[in-house]
Amino acid sequence: MGFLKKMMAAIGVGGAKVDARVNNPSLRAGDTLTGVLAVQGGSVEQRIERINLGLATRYRHDDTHVTHQLTRQAVVPAFDLRPGETREFPFSLPVPLDTPLSLPGTHVWLATDADIAGAADPGDQDHLQILPSREAETLIMAAQRLGFSLSGSEIEHHHGRIAQELAFRPPHGQYRVAEVEMMLFHTGGGLDVILEVDRRATGVASLFTSEFEQRGRWNLGAHTLAQGPDAVARELEARIRALL
């Protein structure tokens with residue numbers, strides 16, 4: 001009977017279970033995620049080599065979605081777990097500033113996995129709501145002050161790393177643009193912004209294409225951000241008009 005239990009635990013039946021209980025599933029990028037890892041022993045004694053936590057998301061590649069591990073770290077070292085035993089381990093996990101925001105079509109979750117000697121990984125997933133950092137929120141509010149509305153987002157694999165592109169629709173009939181897209185990268189208390197403007201074509205050009213794309217890079221410093229959304233809106237408007 002003991003041999004059968006060990007065989008079943010090796011394929012995940014009757015083995016240990018791991019559950020991450022998150023204290024703050026809604027938090028800003030740059031904050032720290034906290035909670036407790038609850039480990040429940042199964043029908044046999046098992047050696048838990050380590051328990052890992054990390055953040056994960058998905059991005060679109062061609063016609064498929066690829067799961068991408070944003071962060072991963074060991075949070076619980078090796079220990080022995082007796083049958084039926086319950087162990088709890090508090091954890092804290094930094095959420096990087098450039099973690100994708102939770103918007104329609106974009107999901108971020110806490111991925112839990114355990115390395116167990118001779119057994120299947122009893123992994124766990126907990127979806128999170130990632131809110132903008134203070135810096136990103138100021139820029140988004142600035143766009144809204146100009147009448148732009150956040151219309152969607154997409155995760156891209158950009159120059160060897162994951163980046164989120166935010167799409168904004170202009171107020172009706174203004175700016176002669178179809179859409180403004182931004183990628184935000186935190187740097188030294190400010191933001192490095194890749195700004196792309198999709199212009200509506202007019203005249204003869206409209207016979208061949210409906211839009212032109214213009215892209216620019218903008219370093220939005222901490223000093224300007226500290227002045228609030230109105231100051232950022234003035235600079236954002238100037239940047240958009242320069243790309244028209």
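**Briefing: strands, core and buried sites**

The protein exposes about 12,700 Å², and carbon and sulfur atoms supply 49% of that area. Accessible areas come from the Shrake-Rupley method with a 1.4 Å probe; for residues, only the protein chains shown count as cover. This is a predicted model: local features need pLDDT of at least 70, side-chain atom pairs count only at pLDDT 80 or more, and totals for chains, interfaces and linings use all residues. Residues are numbered from 1 along each chain as its sequence is written, and side-chain values use heavy atoms, with hydrogens and water left out.

**Overall make-up**
- The protein has four helices and 15 strands. Helices (H or I, at least four residues) and strands (E, at least two) are DSSP runs, numbered from the N terminus.
- Of the 244 residues in the protein, 44% are buried. Buried means under 20% relative accessible area, exposed over 50%, and partly exposed in between (1.4 Å probe, protein chains only).
- Among contacts with a separation of 6 or more, 60% join residues 24 or more positions apart. A contact means heavy atoms within 4.5 Å.

**Strand β9 and its partners**
- Strand β9 (residues 108-116) is largely enclosed by the rest of the structure, because eight of its nine residues are buried.
- β9 pairs with β4 in the antiparallel sense over nine bridges. Two strands pair if DSSP finds at least two bridges between them.
- Asp113 in β9 stands opposite Asn52.
- Strand β10 (residues 124-131) also runs antiparallel to β9, joined by five bridges. Here Trp109 has His127 in β10 as its bridge partner.

**Nonpolar core**
- The largest nonpolar core has 53 residues; Leu37, Ile51, Leu110, Leu139, Phe148, Met182 and Leu236 touch the most other members. Helix α2 (residues 134-145) gives the most to this core, with five residues.
- Such a core is a set of buried Ala, Val, Leu, Ile, Met, Phe, Trp, Tyr and Cys residues joined through side-chain atoms within 4.5 Å.
- Leaving aside residues up to four places away in sequence, Ile51 touches Val18, Leu37, Phe79 and Asp113, among others.

**Two buried sites**
- Val44 lies in the loop between β3 (32-40) and β4 (46-61). Val44 is buried, at 9% relative accessible area.
- Pro83 is 39 residues from Val44 in sequence, yet their C-alpha atoms are 4.9 Å apart in space.
- Glu179 belongs to strand β13 (residues 177-187). Glu179 counts as buried because its relative accessibility is 14%.
- Beyond residues up to four places away in sequence, Glu179 touches residues including Ser151, Arg169, Pro170 and Glu196.
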